[in-house]
Structures are given as C-alpha cells and as structure tokens.
Amino acid sequence: MMIKQDFEAAQSIDTVWDFFGDIPQVAASLPGAELTDEIGEDHYQGTVAIRLGPIKLEFDGEAKIKERNDADKTIVVEATGADKKGRGQAALQLVASLTPSPGGTKVDIALDLQVSGAAAQYGRGMISDVTSVLLTDFATNMQNRLQAAQSGLDPNQVASLKPASGLSIGLRAMRMALVRVFRRFFLPYRPRTR
Amino acid sequence: MTIDEIKIGGLGASRSRVEDNRFVRGKGNYIDDISLPGMLHMEILRSPLAHARIKSIDASAAWAIPGVRLVLTGELMASRNLAWMPTLSYDTQAVLATDKVRFQGQEVACVVADDPYIAKDACEAIIVDYEPLAAIVNPTQAMADGAPIIRDDKENQHDNVIFDWEIGDKDGTDRAFADADVVSELELHYPRSHPSPIETCGSIADFDRSTSKLTLYMTSQAPHIIRAAVAMVAELPEHMIRVVSPDLGGGFGNKVPIYPGYVVSILASILLERPVKWIEDKTGNLISTGFGRDIYLRGQLALRKDGKILGVRMHADSDHGAFFSDAQPSKFKIGLLHSAFACYDIPAAHLTARGVYTNKAPGGVAYRCSFRVTEAMFFQERMVQAAADDLGIDQAEIRRLNFVRDDDFPHRTPFGFLTDSGQYRKCLDIGLEAIGYEDFLKEKQEAKKNGRLLGIGISTMTEPLGAGNSREYDILGIKMFDSAELRVHMTGKAILRTGAKSQGQGHETTWAQIVAHELGIPAEDIVVEEGDTDTAPFGMGTYASRSTPVAGAAVSMVSRKIRAKARKIAAHLLEVSEEDIDWELGRFFVRSSPDTGVTIQECAMAAYSNVPDGMEPGLENNAYYDPPNLTWPFGCYITTVEVDPETGVWDVLKVVAVDDCGVRINPMIVEGQIMGGLAEAYAISSMQMITFDEQGNCVGSNYMDYLLPTAWETPGFELHEVVTPCPHHPIGAKGVGECATVGGPAAFVNAVLDALKDTGVRNIDMPLLPDRVYEALTEHHDVSGAPPLRTGS
C-alpha cells in the first residue's frame, strides 16, 4: 500500500537535509520508535510500539538507509519488523525527497507499506489513516527539533509528542475514517433514480 | 357460510409477519440474549498469518491473568482426539491448529474466563512463535509446479488438488462443436464474497454432569445436522444432546457449517462443568467463516449462425480455502454447477471441475444460493450475452430462440436434470415490456451521439431449488427430506413444528398459512415452533431455498393427515358414512344436505371428548416429505444503466424483475425475498468482494473494506409475477428465496458491458468498481481476475 504525504518545514533545505542524515534524530521524531542498536553503517536495530484501541503492537526490527542522494536530496529507507508476540509483520520502504519552497523546504514522503497479521485486518483504510496521523506527528516533532537546534537548545530536551499512544492515534484515525464514511453517503454518489 | 381464505390468513394472504411483532419491540431472543447462571465466556485467538508452522505456543501469561479459567490449545484438543474434526464434504478441518496455520484467522487457541473482556485480554497474552511459509491465494498458484503443499497433514496428498470432477456427454459435445458455425468463448472469475449476516456466529454449551446432558444453544440453520455431527465428533450419545437454535439474525448459508468455536465451547463446558458462551466478533466472522463463490470459470458455446446453441463446454477451477468443508450434497463435488443452461434447449454439454486448497478461509457455502447455482447462472447469462454480441443478434432474441418451450415439459437439461414447468417466453416478454425495451434501444442510440453511455442487461434463468429428493441428495449420508408435526388442541387451536429453521424467511407466518389453507383453521390460531431438536421433528434445516419446497410440503401433508382423521370424526358426529360427506375450507358437510355440517374446530373438540369406537383420541400427526424432484422457479431480471465515461461510475436507471415461483403463499413475503435478493445481486456486481493480498492477508475483514450497499446506494426495483404451479408440490409452490441473488448479478454486469459494447471490451470481472470500468473504458481491454493477480489482458 502506497501512502503519500507532504509537509513544509520552515528551515532551509540544507538544514532539513542534515536532519535527515542524522538517523537517531529522525527516529526520535517518529512516535513510538526507539533505536536500540547501530549494527553497521546506516543500519540500525530498533522497536516501534503502536497502541490502537485494544491492540498493542510492538515491532522489533531493522532499518537500513538504502540510498542517500545528496544532489537530489533524496533518501530511501527500508525497514522490516515483526511483532514481539507473533501477531504480524511489517515491511516498508520510505522515500523522502526535499525541494526548496518559498517558506523553506517541502518534504515529500512516499511510504510503501506492507503489513500482515493482526494489523492488516484493520484494513487498508484504517492503516493509511493511522500512518497519516503518525506522519503528521513526525512532521511536528521534526519542526520542534529543528527549531530547538536553531535556538541553541538540545533537541533531546524538547518534549516530543508522546509515543504513539492509543487514545490520540485511535481517535484521530477514527475521525479520518468517519469523514470517509460521511463522504460515502453525502458527497460523491448522486443516485439518478429512486 | 363459506370461509374467505384470505381473511383467515390462508394461501395468497399478504399477512403481516408474526415474528416481526417481537423483533420490532426488541424482544427477539438471539444467542447473545441468552444468559445462564454461572456462565463463562470464551474468546478465540486467531492466526495472524495465512500459512506458517507453529514452533511453540506459550500460554503461561494468559493463565496468570485473574479470572482466566481455561486456556485451550491444539495440544490439549489433540489429547482428547478433538484437534481435527470431519467436514460436511468428507475432509478434515483443524479445530485448533497443532502443526501449521493454513489461513489468516484460523483458530489457534481459546481462553475461557469470567467475562469476555478478560478472555480477550488473555488471548493477547498468548505468545505464538510462527515460522512463516509462502502463502497460496488462488488456484493458479495452488496448481503451479513446486507449490508448497498446504495439506501436508493428509497422507497421500501430494499436491493442492481436492478433486477432479466431470459430468455430461463429452463425445456428443465434441460433435456439436464440430458442427458449429461459430464458437463463442468466455473466461471469468466469480469473486469470493461473504454472506455477512448482521448477527455473527455463537454458541452456549451447557454440559450438566448430573444428567450427562449437553444443551447447545447455537446459531445454526440446521440444528438436527449439528446434533448428529456432535454425537459423532464428541462421542456423546445423541439422545443426550439438545441443540437449540434461537432467533437468528440472518444466515444466508453462513450458519450451516460447523465451526471450531462451537466445538471448543462444548469441550470447555464439559471440562469446566459450567455453561460456556462464545460470541464471534465481526472480523472473526468475515475472515474465518463460510464464504461464497471464489471460482474461475471458462467455457465455450457452439452456435449456429442464427443463434441456436448446439453445445456447451465448461470448466471450473474452484478455490475452497484450506479445508474442503463446503456444505453441499455429497454426490456433487462442485455443487449444482451443472444446473447451468437448464432453461435453454441444448442438445449436448460437458463440464469439468477442479477444486483446490489455498491459504484462505474454508467453508464454501451456498451464499443465498442452491449449491453454486449462482455461479452457474451467472456464467450462463454472461456467456449467452457474449454469444449474442459475437453473432450480432439481439440479446432478447437469442434467449427466446433457445428457451425450452412451454409445451416441452418435462424437459431433460443438457446435464441431466429434469425441469417440469415454466413459461419462459411470457416472463421475458413481460420484462421487456416493463423496461420499455424498444424505446430504450432508441434512447441508447440517441444518447450515444451526445457521448453518453447507456446499457441494458438481461438475465433469465431457471434454477433447481429444494434439495432433495433423497435418492440423489444427502449430506454425510443423511437424506435430504424434511418434516412437520401438527398438534390440534381441543379448542381448535394448534401448534406446528418443523425440521426447518427460519433465519428471517418468516416461517412462523407462512407455515401457519399453509395449515390454514389445508384445514381452514385461522392462521392466527396456529403457533409455529422450530429450532429445538428436543421438540422439533428431524429435518435438514433451511438453506438452498428448500423450506417451502420440502418442509412447506411436509406441512401440507401433515395437515392432510389431520384432515383425514377429522373426516372420520365428522362422519361420526354427523352420523353418516365417510363417503357421504364433503369438505369445504374449514368444514365437513353432508353432501345431500349441505347445511348440515361440522367445523374443523368441532372435530377437534370431539377428538378429545367424543371419538368413534375404536379410534385413538387426539388430533395430531407428523409427516416426512421426500420431494419427487427439485422445484424449478424462473426469473427474468432486466436492468438499464448509465456509465459515466469520465469516472467509470455507473448508475442504475431501472431494474425490472419477473419471477415465477409458482403459487405464492404470502405475496408480501415473496416480494420482500425478491427485493432482498436483488439488493444482494446489486451488491455482488458492484462492490462486494473479500480480497486477499500476496501474503494471504484478508483485507476485507471489516465493513470499511468489505462494502455492503446501504439503502442509499441500492436502486429501486419494479416487480412482476407469473404463476406456473409446480406440478409435484402439494400446493404448487416453488422456492424463491434465492432467485434474485442467483439471477440478478448477470443483469447488472450485462448492462454495464452493453454500455461499453463499442469499445471492444468483452468482460470485466465483478465487482464492477469504478476503477475497473474506467480501466476497461480507457484502455479498451478486459479486466479480469481478483487481486493480487488482477490483470488487464
């Protein structure tokens, strides 16, 4: 499943690019993610915990920077993980590309996500909603960290949004889902005959 | 003096449904409404993976949760010889997985706890170590060289093939093709759908050690079959098992099979000596219980230039999931797929079918269909339309030319069924008239000039409903007859019990109408009971539109037995000989003196107070009815649509249905059945599909992804009727519950393809989602297959 999202950062493209080069910083901006080990160059071990209503998924896995193109300002990350209790697996390829924009830098994220197991049963709609929420949080956290760094503060002292907590993610994703249901009934379809 | 049959709620009365009185008041009694003292709750841990070896299961954390009473795994089941159970199709199915999981959602472990929330939390605490294996999600992968073998638990199973089956006359068909002017071909996929009743499955097992009696409340369309199966599987004596099927919130075939949840709840109750309740959640229902269809069909028609069909060849590759647990008559491995083309006069036909295992949920059920006739009729009507297009003949004309004629009955179909009645041309003509066929064809031409795409689709079919007869139809050797038991009380009121089981069909209303028709007792004086094996006579249950053809006939027959005894009593009361009295609805009278008579109610009173010498008192009896043949209703469905060339979205303009289901017992209920069937036909053709990805993840596991139409999307329907009584049914009725679901989808698909006719597109596989239609429209090719292998060709 391909999920695309973009957002603006107020900083210059080089600052943002440097940020993406610092994997521990990137990981710290991702809600629920934690790096546990660096097992090689551009190759990390870590965990991602997502709590969604009654289900808590904790993925153990690896992330690897597959490609880093300084000229195009494009980075490709591949990650795989398995839930600790054997309830599912996830694999993803994330392509982030930066382009200058009037306000600073535009960040385009293309996330190709394969989920199996319990999480997959939530359905494509729910997974893409949850992912969108996570990416939005990521963007906010990244901004906070970049601003902190600019102001000479330690980014790690800046409170990130809490690790992917059930209530907020669940509610926000549900809001998106409900909007879709609303659209189904009231927006696109106009029956011709009754 | 004469009783007005409509007034007493007899045959033909559109009597309000008796059961609705409690349903609309919230007084229905569904499985989850039942609560027994000391009852515990069971939850199922399901496999997250489609195909994986189980390396270990660690349930220690689950046992440690306060309130957990029992954790059941495959290992424990195996120690009781219950890890596997037989299926209704002579295969075996895992109750709780021991060696491997074979589909996503398969039952791996169960927790019984003080409340369902503790049980659910405890399931989360069980750690299963899986070794993932490659998943197979369609017949092509299943039959590929070197494909992993799904059923390695079975000796002598060296591939994924379940059966190869054939029927028909191969040589005769080859000759017909040699004589053909034109051969028309078509290949299509009928996607996997799920019956998705609003109420999921569930059970409450209550084993009483002091009496050794097991009472099993469960959601079953066929409680007697369950009792027999439990007796065999759990090795409990049959007389010590009582199965009660309470009110059911829909079934559509989904509640025929035996699911692991039922079996485990029984064992749990035996082990704990307390009632154990299991209520499936919606996702559990969608990913693990009996689905419908999932079959790849290809075929050819041998045609004469004028459109006459000379022969048919068909092949089916059928995806049965991980266990072959279809609920269908034993003799027919691919159900009644060979009922295809029954309404056409075709000299020769040959069908081959292959069933395969895949890593998908098992339990192919007749989803509102009489054992794969839905696939048969869809293929037939798509094929006939393709042939008409290939030959450039009018689609109504080709049907008219090939229909079995009204005076040709009984007619032997190309695959050997015997159809017995119908007025096919008349039904088609009424349908064409109602839709305004000729005018629409002109309108379509005009619209085309303005870039608008209009289409019209026809589907006509006769289908076999009401299995048996028992010579040919059995499930696990149990013959497919049915039964009724009628007890008339002293005051002329009565109780009727049958072996069928209503899931919304309205048996409590219509069965009473049949008794009213036969005996003249007002329908409101008759109470109908079903679903309790301790009280109801043995029956095979309700599915395959068999209630009216089989159990309904038994109701007639038992009423006639009652009438025969009442006649003797009447003769005694009137002091004349039996030969001298006649019957009119509700009353016996002396032929020579019609004013002198006794009512059925007076006979009932006499049966308990004044019987002739030598006669047993009482007025009750039972009847077991074994139908001489299936019944053959006919349906003609015509729809018009407009396709938006910019988006691929299609709107339904008009739907006309002409149904001939013989004599209608309650016309209002019949119309409700047809409308429900049409709504499902629209759903299947436009949006409803259970989808899997490459890893075998079921991505149709919730109502966000498995689309059901609401009242908002569903179009309006215009209904018409023709009545050709069934020659062998006691009151001339035929089945009807499924006709529109069976015949309807082809009408919608044919209409959309008719709108696309000039683009060179011959087929788009269901569901006709806008993206598929748009792809076909813009890229001028067929869109075939199901994800993940969907391809343009």
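Which residue is the bridge partner of B:H41 in β7(B)? I looked this up and found B:A113.

**Entry 1: the model.** I note that this is a predicted model, in which local features need pLDDT of at least 70, side-chain atom pairs count only at pLDDT 80 or more, and totals for chains, interfaces and linings use all residues. Residues are numbered from 1 along each chain as its sequence is written, chains are lettered from A and ligands numbered from 1 in the order in which they are written, and side-chain values use heavy atoms, without hydrogens and water.

**Entry 2: the sheet.** I took helices (H or I, at least four residues) and strands (E, at least two) as DSSP runs numbered from the N terminus. Two strands pair if DSSP finds at least two bridges between them. Strands β1 (residues 40-46) and β7 (residues 107-113) of chain B run antiparallel and are joined by 6 bridges. I then traced an open sheet of 7 strands in chain B, with mixed pairing, in the order β3-β7-β1-β14-β11-β12-β13. From one strand to the next, the twist averages 20°.

**Entry 3: a helix on the sheet.** Helix α7 (residues 223-233) of chain B packs on this sheet and touches β12 (213-218) and β13 of chain B; contact means heavy atoms within 4.5 Å. The direction of α7 makes about 145° with that of β13(B). Axes are lines fitted to C-alpha atoms, for helices over the stretch in contact, and angles run from 0 to 180 degrees between N-to-C directions.

**Entry 4: an aromatic pair.** I counted rings of Phe, Tyr and Trp (its six-membered ring) as paired if their centres lie within 6.5 Å, with planes under 30 degrees apart stacked, over 60 edge-to-face and the rest tilted. By this rule there are 25 aromatic pairs over all chains. The rings of B:W84 and B:F323 have centres 6.0 Å apart and planes at 80°, so this pair is edge-to-face. B:W84 lies in strand β4 (residues 84-86) of chain B and B:F323 in the loop between β16 and β17 of chain B, so the pair ties together parts 239 residues apart in sequence.

Is B:F323 buried or exposed? B:F323 is buried, because its relative accessibility is 0%, and buried means under 20% relative accessible area, exposed over 50%, partly exposed in between (1.4 Å probe, protein chains only). B:W84, at 25%, is partly exposed.
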